[in-house]
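Please open the model in your viewer and keep the selection panel handy.

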Amino acid sequence: MNREKRPEGTPIGRRTVLGMLGIGAAGFAAAPYLQRGWEGALAKASQNDPTGLTGLLPSPTGFRYYSIVGSVPRKNETDYELTIDGLVDHPKTYTLADLRAIPQTRIVHDVLCTDGWRVNKTPFEGVRLTDLLAEAGVVNGAKALRFTCFDGAYSESLTLGQARRSDVLVALRMQDEPITHEHGGPVRLYVAPMYFYKSAKWLSGVSVTDRVIPGYWEKRGYAVDGWLDDADRTDGPT
Ligand SMILES: Nc1nc2c(c(=O)[nH]1)N[C@H]1C(S)=C(S)[C@@H](COP(=O)(O)O)O[C@H]1N2
Ligand SMILES: [Mo]
């Protein structure tokens, strides 16, 4: 399998970051840049809760719904687009139908957030990012990818080596269903070997760059290489 050498060391979690900033759990819950909630009625309840505390309760699926912005436009087959550009020979924009027409890969791994919640053995399905990169033709000297989102705010990064792993997907399905809006649908990134913050929701752009440009949380203290600790997984190493 095309895996990169895994650097030693424990990724810095958000708790650690908040600890460094001297913010306790209450300050965290009230932090204006982190809107939390989850699907359906609970998401609505959370929006009406100015403390954001309802977002700290687990959802029935075990997932929590994270967004750094309060509202995100909905996109579907009529208006969803994913653009691949930057240091490539053939920049391209894919519709949802285009992405569905490419061979799909299903992988099942544990999802872990740095906040401490996890959902073991979660299926994700979609297009391998490496296949899109091959189609785009990455030019010499390219080193990394920058991911952008149609929430207009979140961003992420991967090195080219990381992005070419077979367990990194441009995902269209999660838990064997189309990805819901709340979970970043119709298309999100899924980086199986790393903490879930690397898996950008509402994915709209992949730009090939000559260096790693730290993403939203990484600019706020998270590790750029968000590797999961193999010892903390029920699914074995990827
Ligand atoms: N666009 C966007 N992507 C994002 C986030 C976000 O706030 N906005 N949060 C990240 C974090 S910290 C986690 S744990 C997961 C949460 O995914 P979920 O809401 O589907 O559970 O999305 C990641 N991707
Ligand atoms: Mo997270």
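**Stop one: the second cavity**

The second largest cavity has a volume of about 30 Å³, the space filled by probe spheres set on grid points joined across faces, edges and corners. A cavity here is a set of points, on a 1 Å grid over the protein atoms alone, where a 1.4 Å probe fits but cannot get out; lining residues have an atom within 4 Å of a point. This is a predicted model, in which local features need pLDDT of at least 70, side-chain atom pairs count only at pLDDT 80 or more, and totals for chains, interfaces and linings use all residues. Residues are numbered from 1 along each chain as its sequence is written, chains are lettered from A and ligands numbered from 1 in the order written, and side-chain values use heavy atoms, without hydrogens and water.

Select the lining, including Asp110, Tyr190 and Ser199. Strand E5 (105–112) gives the largest share, 3 residues; strands are DSSP runs of at least two residues, numbered from the N terminus.

**Stop two: ligand 1**

Now select ligand 1, whose space is the largest cavity, with a volume of about 300 Å³. Among the 22 lining residues, Tyr66, Tyr154, Phe196, Tyr197 and Lys201 lie nearest its centre.

Zoom in on the ligand's oxygen atoms. One is 2.3 Å from a polar backbone atom of Arg64, and a polar side-chain atom of His183 lies 2.6 Å from an oxygen. The protein buries 100% of the 540 Å² that ligand 1 exposes when taken alone (Shrake-Rupley method, 1.4 Å probe).

Terms used:
A polar contact is a pair of N or O atoms within 3.5 Å; within protein, one must be able to donate a hydrogen and the other to accept it, and residues adjacent in sequence count only if both atoms are side-chain atoms. On a 1 Å grid over the protein atoms alone, a cavity is a set of points where a 1.4 Å probe fits but cannot get out, and a pocket is an open set with protein on both sides within 12 Å along at least five of seven lines; lining residues have an atom within 4 Å of a point. A molecule sits in a cavity or pocket if more than half of its atoms lie within 2 Å of its grid points. Helices (H or I, at least four residues) and strands (E, at least two) are DSSP runs, numbered from the N terminus.
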